[in-house]
Amino acid sequence: MTRLLASTALLLALAGPALAQATDTYTPDPNAREGGSITITYKDDVSTLDPAIGYDWQNWSMIKSIFDGLMDYVPGTTDLRPGLAESYEISEDGLTYTFHLRPGVKFHNGREMTSEDVVYSLNRVTDPETQSPGAGFFGAIEGYDAQIAGEAEGLSGVTAPDPQTVQIKLSRPDATFLHLMALNFSYVVPREAVEEFGADFGRNPVGTGAYKLAEWTLGQRLVFEKNPDYWTPGVPYLDQITFEIGQEPVVALLRLQNGEVDIPGDGIPPAKFQEVMSDPAQAERVVQGGQLQTGYVTMNVTQPPFDNADVRHAVNMAINKDRIVQIINGRAIPANQPLPPSMPGYTQDYEGYAYDPEGAKALLAQAGFADGFETELYVMNTDPNPRIAQAIQQDLAAIGIDASIQALAQANVIEAGGAGTAPMIWSGGMAWIADFPDPANFYYPILGCAGAEPGGWNWAKYCNEELDAQAAQADSISDPARSAERLQMWSDIYMKVMEDAPWAPVFNEERFTMKSPRMGGADNLYVDPVSIPVNYDYVYVTE
Amino acid sequence: MAGYLLRRLVQSVLILLGVTLVTFFLLYVLPADPVRQIAGRSATAETVESIRRQLGLDQPFWVQYGRYLWNLLHLDLGRSYLQRSEVAELIRARLPPTLLLMAGAILCELVLGLTMGIVAALRPGTATDNGLMIASFVGVSAPQFVVGLLLLYLFGVRLHWLPISGYGTFAHLVLPSLTLGILGAGWYSRMMRSSMVEVLRQDFIRTARAKGLTRRRVILRHALPNAILPIVAMIGIDIGVFMGGIVVVESVFGWPGIGQLAWQAIQRVDIPIIMGVTIVSAVAIVLGNLLADLVAPFIDPRIRLR
């Protein structure tokens, strides 16, 4: 017996088995105008467009436009939909996924994509030689351990029974698996292009996506050109996108005001934020949306005094989150739990620890620290993080905690966090932004026992084996029909985390994307939770 | 001359060797792990160790450094950890814009600095002299980041005379060159002024005047060629000063040169790029100094190379 996602079942019922109709997952925007080109700026260089390697703010969304995965998201939302697979089945035990590929999909080099390409791509991303930062996501696939150890010729669990079918066997159920098939790291690449360009494939990308790379002048400019053979009819709308690299955000904003730029990819610079938002003509061109991000203070639970839960509760009560949100000009909302509000599994009716310095002081006294103590707060050294750390420092001083600020380069803070030498860390600038919209992505690396190992991202070194077991149990529910039950289990897990309080959650950043007056398309495309920062495939120009 | 050249070349090689050793050592002891940057947040400890092994970063310092030198001898700067491209190619692509920017800056500092210095020297102690020297003092002290943004705001945003940022046309070159050259222009005007004042007091100038030459001829044919000598020797040394400035100026103006490449690599601990840019800069500085020394005797026969 097999099960289909409700949306897929509905789709198949409507479309029938004929392949021409299989792409009708998207209704073109009736207001959209075809053609035209836009200019987008970024400050930092684009390192690579190889989907197995790219993991930056700039290239994440670009890679999504050049390549595709078996799964995809409804534009502007966190809802999964089939991508290169037109349908799929999950076995009863949740261990076998069978994907049926969309027929007639072609790579930019003209060759038709087959199931062998999918197998090759998954083997490639998990091959230790590839050194992919995303290899770890695929740990549930059968044969992963042998593959990552370099002892296998590929993932034994991934097979291609016929050119249109891919079968993936898991060694343990993983409810997030469909999300992983929509993650950049699983995108499908053609073997011949990878072999031709070798390590330079990232500069000569060949995919199946809506755009293909037309020009790349190192350090200056990338030009994307519409893929006329794209498998979703009518998409993309734009003929061309030019990405100009090396542009300071302040300069990009000035150029937007001059009409030379359509979207500053790095957003509105903090120093200009109030100026822009207080000018109605500019503010109306700013789209605001949630972000799958949480900024938090970690407390190392393996070291005194933070091994005492009362002390951690006191810190949670001492921090004035509203004031910190003011410091960053209201570009965030106060947080009371690890998950951001737009993440499935967020606990709506939870109130968290209210701001209560007196109560916090009493709690500290009860824990045996009536006179407070000295500690260190690590923070990344770029604005606004040191200012936020100073506000936290003042809040802590008010209850007697004397925290000295260690402002360091990002890599150094990450190093101290991983090594467990930092008593407290403000996560800003390195904060967790979800790789995919599922509550599990906020747990294992940053709150689970695996992440608490030396060098891991769980900087509080919090390890609650009971919660790890509950998490594994929740993620064994891969039946989409029981998704609500699974999300409730995750909500319970995060509530238990808040009781233990290894973190003080501070805020969830909001995204503000500014666009030129001629940009069209639904607002949620400009704050797409998955295609960060903008979903290039579905936006258009009105003139 | 040949002996001198040989000695200087040996010296230069030793200096470059020292630069690679110090830089490599500093990056080695840096409390930041490049492997973590490559491996990403989802990596297991085994993946991290496997990448460390592949890159040879698990080896002792001397082994790593020896291997780097060996590759360097074969003109191999390695591949970027994060971009995975050849460092030599990344630098090659970005070198022409940087050289262009430097040429523009040298032109700016010479034209501005020499003119200001000469004008001030001809009217010593006057309001013009004082005004120009204050201006040069401001040029020397103003942070390039601020100068760049001010120029950009005035000429790009307010007056629309020049493009705000970018690369490709002569107009794009003006503001970054000016920003980079203002510091040198400040120095040069002060040096030119004192050198010129000094020369104008010499006997041969008095003789020239006594011969009845015009003031213009005295200054341009007799005073200037002598006063300019110390400045020419400075241009080679400027290259070193520019190497620091380009990081800032290229960032402000979105200039696609090696300064921008270096800055981005430093932020992400991309060691092969940091090493590559350092070596290229060091070579440029050493060559610049060598050139300055070699050129000096041709301009001023009193100088002899020994």
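**A tour of chains B and A**

Select residues 99–122 of chain B: this span is 100% helix and 0% strand, with its end C-alpha atoms 34 Å apart. (Helices are DSSP runs of H or I, at least four residues; strands are runs of E, at least two; both are numbered from the N terminus.) The model is predicted: local features need pLDDT of at least 70, side-chain atom pairs count only at pLDDT 80 or more, and totals for chains, interfaces and linings use all residues. Residues are numbered from 1 along each chain as its sequence is written, chains are lettered from A and ligands numbered from 1 in the order written.

Next, select residues 273–296 of chain B. They are 100% helix and 0% strand, and the end C-alpha atoms lie 34 Å apart. An unreviewed UniProt entry lists both spans among its transmembrane regions of chain B. Such annotations may be inferred rather than shown by experiment; positions follow the numbering used here, and feature names are shortened.

Move to chain A. Its open sheet has 5 strands in the order 8-9-10-1-11, with mixed pairing. Strands 8 and 11 (263–264) of chain A are at the edges with a single partner strand each, so one side of each lacks a neighbour in the sheet. (Two strands pair if DSSP finds at least two bridges between them.)

Show residues 211–217 and 221–226 of chain A. These are strands 8 and 9, antiparallel and joined by 6 bridges. A:Lys212 has A:Glu225 as its bridge partner. The two strands form a hairpin with 3 residues between them; in the turn, A:Gly219 has a positive phi of about 75 degrees.

Pick A:Phe224 to find its partner, A:Ile241.

Finish at strand 1 (residues 37–42) of chain A, which runs parallel to strand 11 through 2 bridges. A:Thr41 stands opposite A:Pro264.
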